[in-house]
Amino acid sequence: MTSSILSAPLAAQAHALSKKGDWNGAAEKLKTLISELTESDVIQLSINRDQYSLNSLNGFVSLSNGREYFFKYHHEEGEEHSIEEYYRAELLKEHGFPVDVPVFACKEPGRQILLYNKRNDSRLADVCREIESGHNPDLLFSVVDAQIEFDKLTLSKTLQSYKTATAEQVGAEAIHQLFYRRLTDGKNPDGFGGRVNTFYVNKRFQLGNVILDWETFSHAKWQINGDLFPLSIHELFTLSAKKLQPEHLARHGVVTAHGDAHNANVWYEDGEKAILSLFDPAFAGEYIPALLAEIKATFHNIYAHPYWLYEPSLAEQQYEVTAQYDPESNRIIVTHNWQLSRLRGLFLESKVTHYWKPLITFLQRKNVLPSDWKEIIRMGLFCCPTLVMDLRANGLSSHTTHSSPLGFAIAVSLANSSESSLSNWLDKISISQDEKNE
């Protein structure tokens, strides 16, 4: 074990060990941490090895006092300098959001772990996977109905909490760790620092049999399933840094929100009528820019599925993908047959109908809707897949020469405005004068 791992706090050590495949070593570190936190001996601890835990560890622990807990540890690079109040479950609860409040919470950098009372409910992400894999398709309408009610509730609580805030208040929110701070680092041009620099700058890109250097790849235009998308990867990262800069986002008002409500952070409570509830509010806050609050949930619960983002090896079995590069037109040409599943299509319909259009209408009535609101949303959607993990084949994640061109094509399509764009629903949100004046 390297000295850098040994010198890190216990949870950080566990995270590093898990990345090396040493799950037993990771479990031992977490046992020690949880024992210190609860002042009880740990009898048993198991870590979930799921595809959704990209920057976290979670699982179950049994203590000598008979109590059982679900635990989750989340890690973000640079957090010791930028995140002061990491877990905000009480804030969400006070504002009426259905949220699981941890029994124990340690906020120290490298030790930030939450312990919830163990429950027998499934995470919504796992339920959705059961539906899409064909193991439990009968749950589709129950899940969709629960999502519709949850989108309505989220909108209600979001609008109730709307207010103005200073640039300083907005800039201090942890949610920027998921967007702007992954684009900047103070050493490189904005848009090409942080994870962009770590994942992509000056790296090699293999798309199918095509191999491109960073300069060629980043400045090329994209032709996807026959349609040309005008903005290159280089232009999109540059634009993202401008549109997602906290001071820029502070101008249209803020809300209280979870900020990272992807379905692996949502419990599915089965019953006569299924109910959804939140947990792990690591990025929750009361000064979250209104247009940013539900970006992560929109991408990760809809466009990241089925399979291609979290399980790229399955994408090779599911989808046909080809990639070419035309030097004369400087185009990356990708064809693929990926599309939203029935479940994700219904999720999108609910999110647009019950969250995005009412929110946009609300902001327009208040005369605070920024003229570039569509670009803000599109850049947020673009950053979700490109910054959550390295999309390069054989890079820092498990992406392949098959899933990499598909992943970049989906990201580019979300970010560009066109009739065939995956985000073309934004162009269809029209607010009548009557709606504006209501």
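In strand 13 (275-278), Tyr-268 has Leu-276 as its bridge partner, and the model that shows this pairing is predicted. Strand 12 and strand 13 pair in the antiparallel sense over four bridges; two strands pair if DSSP finds at least two bridges between them. Helices (H or I, at least four residues) and strands (E, at least two) are DSSP runs, numbered from the N terminus.

Basis of the description

- Residues are numbered from 1 along each chain as its sequence is written, and side-chain values use heavy atoms, with hydrogens and water left out.
- In this predicted model, local features need pLDDT of at least 70 and side-chain atom pairs count only at pLDDT 80 or more, while totals for chains, interfaces and linings use all residues.

- Axes are lines fitted to C-alpha atoms, for helices over the stretch in contact, and angles run from 0 to 180 degrees between N-to-C directions.

- Strand 9 (residues 221-224) pairs with strand 16 (residues 331-336) in the parallel sense over four bridges, and Gln-223 has Ile-333 in strand 16 as its bridge partner.

Helix packing around helix 15

- The axes of helix 13 (residues 295-303) and helix 15 (residues 342-365) come within 9 Å and cross at roughly 160 degrees. Helix 13 is therefore roughly antiparallel to helix 15; angles under 35 degrees count as roughly parallel, over 145 as roughly antiparallel, 65 to 115 as roughly perpendicular and the rest as oblique.
- Residues of helix 13, including Ile-295 and Tyr-303, meet residues of helix 15, among them Phe-347 and Trp-356.
- The axes of helix 6 (residues 124-132) and helix 15 also come within 9 Å, crossing at roughly 130 degrees, which means that helix 6 is oblique to helix 15.
- Cys-128, Ile-131 and Glu-132 of helix 6 make this contact with Leu-343, Arg-344 and Phe-347 of helix 15.

Aromatic pairs

- A search of the whole structure finds 25 aromatic pairs. Rings of Phe, Tyr and Trp (its six-membered ring) pair if their centres lie within 6.5 Å; planes under 30 degrees apart count as stacked, over 60 as edge-to-face and the rest as tilted.
- Phe-70 and Trp-267 form an edge-to-face pair, with 5.3 Å centre to centre and 70 degrees between the planes.
- Phe-70 lies in strand 3 (residues 68-74) and Trp-267 in strand 12 (residues 266-269), so this pair ties together parts that are 197 residues apart in sequence.

Backbone details

- Most residues other than glycine have a negative phi, and most peptide bonds are trans.
- The peptide bond from His-305 to Pro-306 is cis, with omega near -5 degrees; Pro-306 is placed in the loop between helix 13 and helix 14 (312-318).
- Glu-39 is not a glycine, although its phi is positive, at about 60 degrees. Glu-39 lies in the loop between helix 3 (23-38) and strand 1 (42-47).

Notes. Contact = heavy atoms within 4.5 Å.
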